[in-house]
Amino acid sequence: MGFSLHVALSHEVAEIAMRYPIAGLVAFIVACVGIFRVTVLTLSYFAVLFNLFLLPGASLKKYGAGKGAWVVITGASDGIGKEYAYQLAARGFNVGLVSRTESKLLALKEEIESKYKVEARVLAMDVSTDSSSNYQALAEFVEGLKVTVLINNVGMSHSIPTPFLETSDRELRDIITINNIATLKFTQIVVPRILKNIDKNAVAKRGLVLTMGSFAGLTPTPLLATYSGSKAFLQAWNNAMARELEPQGVDCQLVLSYLVTSAMSKIRRTSAMIPNPNQFVKSAIHSIGRRVGAQDRYATTTPYWSHALLHWLLENSIGVWSRLLISINYNMHVDIRKRALRKAEKLK
């Protein structure tokens, strides 16, 4: 039946082409473009599935796993940063833990050294201060360490969804300072150390920089405008830097996430669309060097399976910059803001 229909349509197109040469040419071009587009989309979709469910996990040996190499993790005391520390220590990396609360860092250091038999060091700092003393302390912290991996995880969002014109000066500045300025400064300090270690080929063949992105940076997110802009900035910065560092032996990748249970998201219950930090980090490490759901984006991965499928669908249907998607985001965050304000009112 399908074959007969195909033959009939082919004859129809051929007949139109003979009667109307220009229209036939246009129809032929449109058909070719359509076939090409469908083929590309099909291959892209199967590439997502292949990366998610068939390919084995990425090997970390080229980055020095089990060979005395160090990974520096910012925002390491909670959530996703803490999970990176656990899971990379389990793979044989020594871990440098950077975060604000020293007591949490020391407890994490003791746990990691006891459980995974690797070395851990801690550095407590408040990155929102944008202090030169902080950056000097970090430079001294990594001096002499065989650092081959940097995890740029530190980040901050709005306390609740807030219109941009009502965003406080303090919150605005803290978001930009923590998400952008601190991330850039940390990278400028740590990557030269990575380059020295891989040049000597003492512990690793290549270096790695993973930077945490967000769907809020993938698509403009009203009522989280400053946070959304800060994450979009990281996308462009990461991709530019990735091309600069690739020939020098350092792989850079932006790691995109939708919602994850954490203190920042204020979500506690997991679901198919909302993994916990353990599940998300496991997928992120598994997909190092692969785009997974971010098929159209260089040096970017959307690693968790449901996030990957959602990213691919949005990118290839309504578009991540479409008015429709931005309106959906707006309505969703208006509702979240109303509920947060009602909750705050009850607690008064």
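Begin by selecting Trp-305, which is partly exposed at 36% relative accessibility; the class covers values between buried (under 20% relative accessible area) and exposed (over 50%), with a 1.4 Å probe and protein chains only. The model is predicted, so local features need pLDDT of at least 70 and side-chain atom pairs count only at pLDDT 80 or more, while totals for chains, interfaces and linings use all residues. Residues are numbered from 1 along each chain as its sequence is written, and side-chain values use heavy atoms, leaving out hydrogens and water.

**Aromatic rings**

Five aromatic pairs are found in a search of the whole structure. Rings of Phe, Tyr and Trp (its six-membered ring) pair if their centres lie within 6.5 Å; planes under 30 degrees apart are stacked, over 60 edge-to-face, and the rest tilted.

Select Tyr-135 and Phe-186, an edge-to-face pair with 6.1 Å centre to centre and 70 degrees between the planes. Because Tyr-135 lies in helix α5 (residues 132-142) and Phe-186 in helix α6 (residues 169-200), the pair ties together parts that are 51 residues apart in sequence. Both Tyr-135 and Phe-186 are buried.

Tyr-304 is buried, with a relative accessible area of 10%.

Then show Tyr-45, Phe-46 and Trp-312, which ring pairs link into a cluster.

**The sheet**

Display the strands now. Helices (H or I, at least four residues) and strands (E, at least two) are DSSP runs, numbered from the N terminus. Seven strands form an open sheet with parallel pairing, in the order β3-β2-β1-β4-β5-β6-β7; two strands pair if DSSP finds at least two bridges between them. At the edges are β3 (120-124) and β7 (300-301), each pairing on one side only.

Select β4 (residues 147-152) and β5 (residues 207-212), which run parallel and are joined by four bridges. Ile-151 stands opposite Leu-210 in β5.

**An annotated residue**

Which residue does the UniProt annotation "binding site" cover? The unreviewed entry places this annotation on Ser-214; UniProt positions are given in the numbering used here, feature names are shortened, and annotations may be inferred rather than shown by experiment. Ser-214 is found in the loop between β5 and α7 (215-218). At 9% relative accessibility, Ser-214 is buried. Not counting residues up to four places away in sequence, Ser-214 touches Tyr-227, Lys-231, Val-255, Leu-256 and Ser-257, where contact means heavy atoms within 4.5 Å.
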